[in-house]
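Q: I would like to learn how to read a model of a complex, feature by feature. Where do we begin?

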Amino acid sequence: MTDANATRPRTRRDAQFDKIRDREAALAGTRQHTARFMSKFLNNRLAVVGFVIFAVICLMSLFAPLIAQHDPMSPNLRAIAKPPSAEHWFGTDKTGRDVFARVLYGGRVSILVGLGSALLSAIIGVIIGVYSGYVGGWLDWIAMRISEIFMSFPQIILVLLLVAILGQSLLNLIVIFTLTGWGGIYRMARARMLSIREEEYVQALRSFGLGPARIAYKHMLPNALGPIMVNITLSTAAFILQEAGLSFLGLGVPLSIPTWGNILNAAQDLRVLEQNWWIWLPVGATISLFVLSVNFIGDGLRDATDPSQQG
Amino acid sequence: MANEVALTVNGLKTYIYTNNRCNRALDGVSFEIRQGKTLCIVGESGCGKSVTADSIMQLLPTLSRIEDGEITYHGPDGPVRIDQLPRDGAKMRAIRGKEIAMIFQDPMTALNPVYSIGFQIKEMLKYHTGLGRSDRHSKAIDLLRSMGIPLPEKRVNEYPHLYSGGMRQRAMIAIAMSCNPRILIADEPTTALDVTIQAQIFELMDTLKRDHGTAIMLITHDMGVVAELADDVAVMYMGNIVEAGPVGKVLRNPVHPYTRALLESIPVLGRGKDQEIKAIPGQTPDPYNRPKGCQFADRCAYRIGACDQMPDETQVAPDHRVTCWRYEEFAADAAE
Amino acid sequence: MQPNDPILKLRDVQVHFPVKTGVFKRVTGHVRAVDGVDLDVRRGEVLGLVGESGCGKTTLGKAILQLVRATQGTVTYSGEDGETELTSLDDAGLFRFRKRLQIVFQDPHSSLNPAFTIFGSLEDPLRHYGVKTREERRKIVGDLLEAVNMRRESMDRYPHEFSGGQRQRIGIARALSIEPELIVCDEAVSALDVSIQAQVLQLLMELKREKNLTYVFITHDLSVTEYLCDRIAVMYLGKIVELCDAEDLYANTLHPYSQALLSAIPVADLDKKSRRIVLQGDVPSPVNPPSGCPFHPRCRYVVDRCKTEVPELRRFKSAKGEHMAACHLIDQPLAEQPLRTESP
Ligand SMILES: Nc1ncnc2c1ncn2[C@@H]1O[C@H](COP(=O)(O)OP(=O)(O)O)[C@@H](O)[C@H]1O
Ligand SMILES: Nc1ncnc2c1ncn2[C@@H]1O[C@H](COP(=O)(O)OP(=O)(O)O)[C@@H](O)[C@H]1O
Ligand code: SF4
Ligand SMILES: [Mg+2]
Ligand SMILES: [Mg+2]
């Protein structure tokens, strides 16, 4: 085209540039908001896919009694370790319980543990982190030291210790995860506050004489929410995996209650691992899918709250 | 040697393609830089001053392209078409630094924090000259001394963070001047500095021009700097040069409404409390949604129907040009 | 309350920030950001506060508003209800006075909360000061926006939808919202393009006339202060070195630092080109300020006395009322001062 490019070889990028330039030239003067919004939205396909998977799994677990044909707890001695069939979609386990029903019911507990602990630790972490990050001083110092104690302790030992003291139960698991998990969110919220604190709009609010709690929670927190949301999704995924891991080790929820971790527990047996793939594969896949979908949502949220992406 | 043209830019168009959009950052810019003279490019933020400098140095962002126009460097071995060289080819690298050097607004980002200042000067000397190791070291010290850095023997081994803002900028200039470039491009070199430090840097640049005959292209947004340092001035607005000429003509008798508006919008030291300043109404247009014709039309008091078309560049004198449909009426009004 | 009475009196105000180093965060020194400032701000005036970056302008501005607390000295406010020492009040006690003192910031990008609409940002202070209904608050915010030449509807938009100049105007509207008597403008136009800067300067002047405001105008740009200010205080390393009527500063500069500062400013007028006085070296660190006169290492008139003895801010007679400067060498008031004879 022009002699500026005559000696320079044309590349794929040149073609791309030409396309953009010609499109803009054609549209000069008109505005095209909607098209841009759609393309931006579609660029986030993964987050949308993640959200759909997340919603499907949550809803199916929630409505497990309506969907599952079998009781997840009652053994059926006539159908032990049967492969998938029309009657038992995911087959049955070694005591003849319907794996599909167990996965559905297990989801209820696992998601409750995952989301519940993530939300609880987020609430605690945010409440402490936002205020102490903004106010600073001795309060901040104490909160920081406490979180350091929790975080520098090897987590698995802490869990073992707490299980030994509190015993095995669903609630205890949530307590344990919250105790070990709040530190991360606290530190992140605090760090965000430390940087937002220097912004001039915060100074302006102070010059109006607004109280610290009001400035911190009402005006500053919304600006830290993006990374906090991301952190919640990520720790949900992490807690679900941890629950599976702990239950797998026999430290989590009592074995009688179906959870994804407890179902997976069956695969401890090498024979099951080799011969009865339907006992561990569906639940393994469900866990992976769920964790993946949560991570996708987290990434999507991160992009959506990135100020450089704001139109 | 003075007045010899060192670089010509002709009809330069540089577009930037970030975010899947096309920003016509430079839309036909022409000027020349002469040996031993200072050309000031002045304009508001976003008008394309830095893109002009980056185009000459071929330091543009990846998602950008020189669409049209010529950049010709008149080197000792005949003219070189810079715009046709591959961005990071050997030839471009040889020109960059040795023939044309550049200093930036923020010296901290332009200096590498993990190497000493001396190392960074010596690196340039090693790459572009045949000097031996010990010669390079003494040359580095000489350069720092000539830039007015105290205790250069000690300072040469120090790292950038130990330098103050003004000293960093002087160290940048030392690096830039290490190979005696024929052209120095300075992109707002003093915007981040205090006026007393700025005065030091300007003193230095004047010396370079006088003693070495360096051609200087100085980018600024400050009309005061133009009045102090420029021999020639080019006023930019939204990717076009709206008026260019010798500083005496452009500042005393501007023939473009924008130049005049710019000069009238700033308080001038020494004119006292009763001076009148006139704000330019409105704001600069969105770069993605530019007016079709004259870019200044929306804010211009002289606008007529014809201004919806891009005006041509007109010579009002052999060395003074303007891009405006109504410069004659405007100049007549201004003369009153 | 006469128009020229002081609204604020600063006496020996010091703000020292501790410097902490090492793992144990031991205090190893102090940044003397503001180092003993005596200053009266008169009701209805525009007082310029100029100096190079780091000389303590912002800190002094914040100390006036009690956004940082002075480590020593007093800030006294006088209004209809007599004099009050702000520095001795706690947050609750300050509440009443917050309403009278406001601040406009430099950076148009960080001065508005990106998570709220303009109304959302501006309504909270109003509610705080007792405007109970939402309707009322919307009306006030709308009026404020119109006062700064913006459209009412702007209040429901987010900060990122506005240009720098518009945001700065919103910042001014916010400062005005509780009808203060004094506004500290901290580099309020420095980040703006010149054409926009003029718009904001004119707006500030209009508002001052309409609402009878007092400004403390902080800037490093002496051309702007000349245009805008009634009096100017020149700061260097946390101290005021010269304080006088604005015109007097330009016509009859006393302090060697002010002279150098003025001469260094590039003037956009080819007929007014003056000789630059180029100062050697950099501003010393406020952690270890020089002994004696803080300016002595860069001063071209320096004598032995300057190195040991701190010069007082002394009063000199001038045609325009009082003229204060802190330099040993200005000894004959208005007579032949060594300072004004050009050295080669
Ligand atoms: N690296 C970049 N990426 C995207 N856009 C850019 C980049 N650099 C400059 N631009 C755009 O190019 C135009 C000119 O910018 P610039 O030359 O930096 O202006 P200035 O005159 O302030 O130096 C602006 O619209 C700016 O947004
Ligand atoms: N919160 C703080 N902690 C420590 N030092 C500070 C703080 N704020 C300002 N300073 C220091 O105080 C000095 C004066 O700063 P400032 O008042 O911002 O100057 P100016 O506004 O004149 O540029 C500077 O050296 C700065 O580094
Ligand atoms: S071309 Fe028209 S709009 Fe542009 S500056 Fe000239 S008169 Fe004004
Ligand atoms: Mg630039
Ligand atoms: Mg400041």
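## Salt bridges, interfaces and ligands

A: By the salt-bridge rule, the count over all chains comes to 57. This is a predicted model, and the confidence values are taken up further on.

Q: What is the general idea behind such a pair?

A: Side chains of opposite charge can pair when their charged atoms come close. One case lies within chain B: B:Arg145 and B:Asp142 form a salt bridge, with the closest N and O atoms 3.4 Å apart.

Q: Why are B:Arg145 and B:Asp142 separated by about one helical turn?

A: Both belong to helix α5 (residues 133–146) of chain B, and they are separated by about one turn because they are three residues apart in that helix.

Q: How many salt bridges are there between chain C and chain B?

A: There are four between chain C and chain B. In one of them, the side chains of B:Lys273 and C:Asp230 meet at 3.7 Å, N to O. The same rule applies here, a nitrogen of Lys or Arg within 4 Å of a carboxyl oxygen of Asp or Glu. Polar contacts are counted separately: chain C and chain B have 17 residue pairs in polar contact, both residues at pLDDT 80 or more.

Q: Which elements of chain C supply at least two residues each to the side that touches chain B?

A: They are α6 (194–211), α7 (222–228), α8 (246–251) and α9 (256–264) of chain C. The most comes from α6(C), which gives seven residues to this side of chain C. By class, the residues of the side of chain C that touches chain B are 20 nonpolar, nine polar and 12 charged.

Q: How many residues does each chain bring to the contact between chain C and chain B, and what area is buried?

A: Chain C brings 41 residues and chain B brings 45 residues. Between them, chain C and chain B bury about 3,900 Å², with 55% of it on carbon and sulfur atoms.

Q: How do I read the contact of chain A and chain C in the same way?

A: Start with the residues and the area. Here 17 residues of chain A are in contact with 29 residues of chain C. Chain A and chain C bury about 2,000 Å² between them, and 54% of that is on carbon and sulfur atoms. Of the area that chain A buries against chain C, 36% is supplied by A:Glu200, A:Ser207 and A:Phe208, more than by any other three residues.

Q: How many salt bridges and polar contacts are found between chain A and chain C?

A: The count is two salt bridges. One of the pairs is A:Lys218 with C:Asp124, whose closest N and O atoms are 3.1 Å apart. The interface of chain A and chain C also has 12 residue pairs in polar contact, both residues at pLDDT 80 or more. On the side of chain A that touches chain C, α9 (200–207) and α10 (212–248) of chain A are the elements that give two or more residues. Of these, α9(A) gives the most, with six residues. The residues on this side of chain A divide into five nonpolar, seven polar and five charged.

Q: Now the ligands. Which residues come nearest to ligand 1?

A: Read a ligand site by listing its neighbours, then its polar atom pairs. Of the 14 residues around ligand 1, the nearest are B:Asn23, B:Gly46, B:Lys49, B:Ser50 and B:Val51. A polar backbone atom of B:Gly46 is 2.7 Å from an oxygen atom of ligand 1. For B:Gly48, a backbone N or O atom lies 3.1 Å from an oxygen atom of the ligand. B:Ser50 uses its side chain, with an N or O atom 2.6 Å from an oxygen atom of ligand 1.

Q: Which residues are around ligand 2?

A: Ligand 2 has residues of chain C around it, including C:Phe17, C:Glu52, C:Gly56, C:Lys57, C:Thr59 and C:Pro286. An oxygen atom of ligand 2 is 2.4 Å from an N or O atom in the side chain of C:Thr59. A backbone N or O atom of C:Lys57 lies 2.9 Å from an oxygen atom of ligand 2.

Q: How does the shell around ligand 3 divide by class?

A: The shell has 10 nonpolar, one polar and one charged residues. Among the residues that surround ligand 3 are B:His256, B:Cys294, B:Cys300, B:Cys307, B:Cys324 and B:Arg326.

Q: What confidence does the predictor give?

A: The complex has an ipTM of 0.86 and a pTM of 0.84. For chain C the mean pLDDT is 88, and 95% of its residues reach 70 or more. Over residues 332–344 of chain C the pLDDT is below 50, and this stretch has 24 contacts in the model beyond near neighbours in sequence.

Key. Residues are numbered from 1 along each chain as its sequence is written. Chains are lettered from A and ligands numbered from 1 in the order in which they are written. Side-chain values use heavy atoms; hydrogens and water are left out. Contact means heavy atoms within 4.5 Å. Buried area is the accessible area (1.4 Å probe) that two parts lose on being put together, summed over both. A polar contact is a pair of N or O atoms within 3.5 Å; within protein, one must be able to donate a hydrogen and the other to accept it, and residues adjacent in sequence count only if both atoms are side-chain atoms. Helices (H or I, at least four residues) and strands (E, at least two) are DSSP runs, numbered from the N terminus. Ala, Val, Leu, Ile, Met, Phe, Trp, Tyr, Cys and Pro count as nonpolar, Asp, Glu, Lys and Arg as charged, and the others, Gly among them, as polar. A residue is near a molecule or strand if one of its heavy atoms lies within 4 Å of it. pLDDT is the predictor's confidence in each residue, from 0 to 100.
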